[in-house]
Amino acid sequence: HAPANASSVSPSEPAQRRVLTILGDLALVLGSLVLYVRTLAPTVLAADSGEFQLVSHVLGIAHPPGYPLYTLLGKLFTLLPVGNVAWRVNLLSAVISAATLWVLSRCVRLVTGSSVAGWLGAAYLGVASTFWAQATTANIRALTVLLVAIQIYELIAYERTGRQGHLVGFALAFGLGVSHHSSMVPLALPYMVFCLLSAHGASRQWRTWVKPAGAFVVGLLVLLYLPLRSRMNPAFDPAPI
């Protein structure tokens, strides 16, 4: 006979939990994306948003610091066979914002062990007025938030697992973030403190950071777009960088 204290957990239960988690993540992403698309700015916008719509379309260079990563992503979205060009660049923000909520929910899940907490936290941010507004117009802030969310997730995942791959992912996201906007540079200080205080002693050894350093440099390579494209005399390059 099986002992009385044998585990009552069915072998299929972990698999069922994974399925429910995936379905919950899909509901979060698709639900937020539908919300943002339904409230998306329909056409050309004023000020910086209009500039980003134009720059993405003609592969130009925006005002300093130039935003090469955003411009390249925006160009990809202008190729979509739906809506007008300006609407397509606005759509980029909606997709980025929905992805941000998914990453945030995973961050909360790592810290709390609760998928529900992750979904609720992400949903709360998703309908906050400032975040929602940025999800419906062409702007660089949505991409900034996504890159920071990825960086934080990778560091938390490294703290939980000790896998160097998460440090590589963090470094790549940080390199892309710095190339996107230099305002991200000061985050290096709290990130450094976090790694130094990590329970994993390997994070305090220089060898651990060889691959992440390479990933960081790869993230910076997108900056080459600025001088290379400027030499081609693009349709929009008001202040050559």
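What pattern does the chain follow when read along the sequence? The points below answer this and then turn to individual residues.

1. Basis of the note. This is a predicted model, in which local features need pLDDT of at least 70 and side-chain atom pairs count only at pLDDT 80 or more, while totals for chains, interfaces and linings use all residues. Residues are numbered from 1 along each chain as its sequence is written, and side-chain values use heavy atoms, with hydrogens and water left out.

2. Overall fold. The pattern along the sequence is α-α-α-α-α-α-α-α-α-α-α, with 11 helices and 0 strands in the chain. Helices (H or I, at least four residues) and strands (E, at least two) are DSSP runs, numbered from the N terminus. The C-alpha trace spans about 80 × 45 × 30 Å along its principal axes.

3. The chain has 241 residues, and 40% of them count as buried; buried means under 20% relative accessible area, exposed over 50%, and partly exposed in between (1.4 Å probe, protein chains only). Of the contacts (heavy atoms within 4.5 Å) between residues at least 6 apart in sequence, 71% join residues at least 24 apart.

4. Charge. There are 15 positive and 7 negative side chains, and the centres of the two sets are 6 Å apart. Lys and Arg count as positive and Asp and Glu as negative, whereas His and the chain ends are not counted. Each charge is placed at NZ of Lys, CZ of Arg, CG of Asp or CD of Glu.

5. Thr100 belongs to helix H4 (residues 85-112) and is buried, at a relative accessible area of 2%. Beyond residues up to four places away in sequence, Thr100 touches Phe131, Ala142, Val145, Leu146 and Ala149. Thr144 lies in helix H7 (residues 141-161) and is also buried, at 18%. A polar atom of the Thr144 side chain is 3.0 Å from the backbone oxygen of Ile140. Apart from neighbours within four places in sequence, Thr144 is in contact with His180 and Met184.

6. Cysteines. How many disulfides does a search of the whole structure find? The search finds 0, a disulfide being a pair of cysteine sulfur atoms within 2.5 Å.

7. Gly24. This glycine is found in helix H1 (residues 13-38) and is buried, with a relative accessible area of 14%. Although Gly24 and Val116 are 92 residues apart along the chain, their C-alpha atoms are separated by 8.6 Å.

8. Backbone geometry to inspect. The peptide bond from Pro64 to Pro65 is cis, with omega near 10 degrees, and Pro65 sits in the loop between helix H2 (47-58) and helix H3 (68-78). Ala47, in helix H2, has a positive phi near 55 degrees and is exposed at 69% relative accessible area. Asn233, in the segment after helix H11 (225-230), likewise has a positive phi near 55 degrees and counts as exposed at 66% relative accessibility.

Key. Polar contact = N/O pair within 3.5 Å; in protein donor to acceptor, adjacent residues only side chain to side chain.
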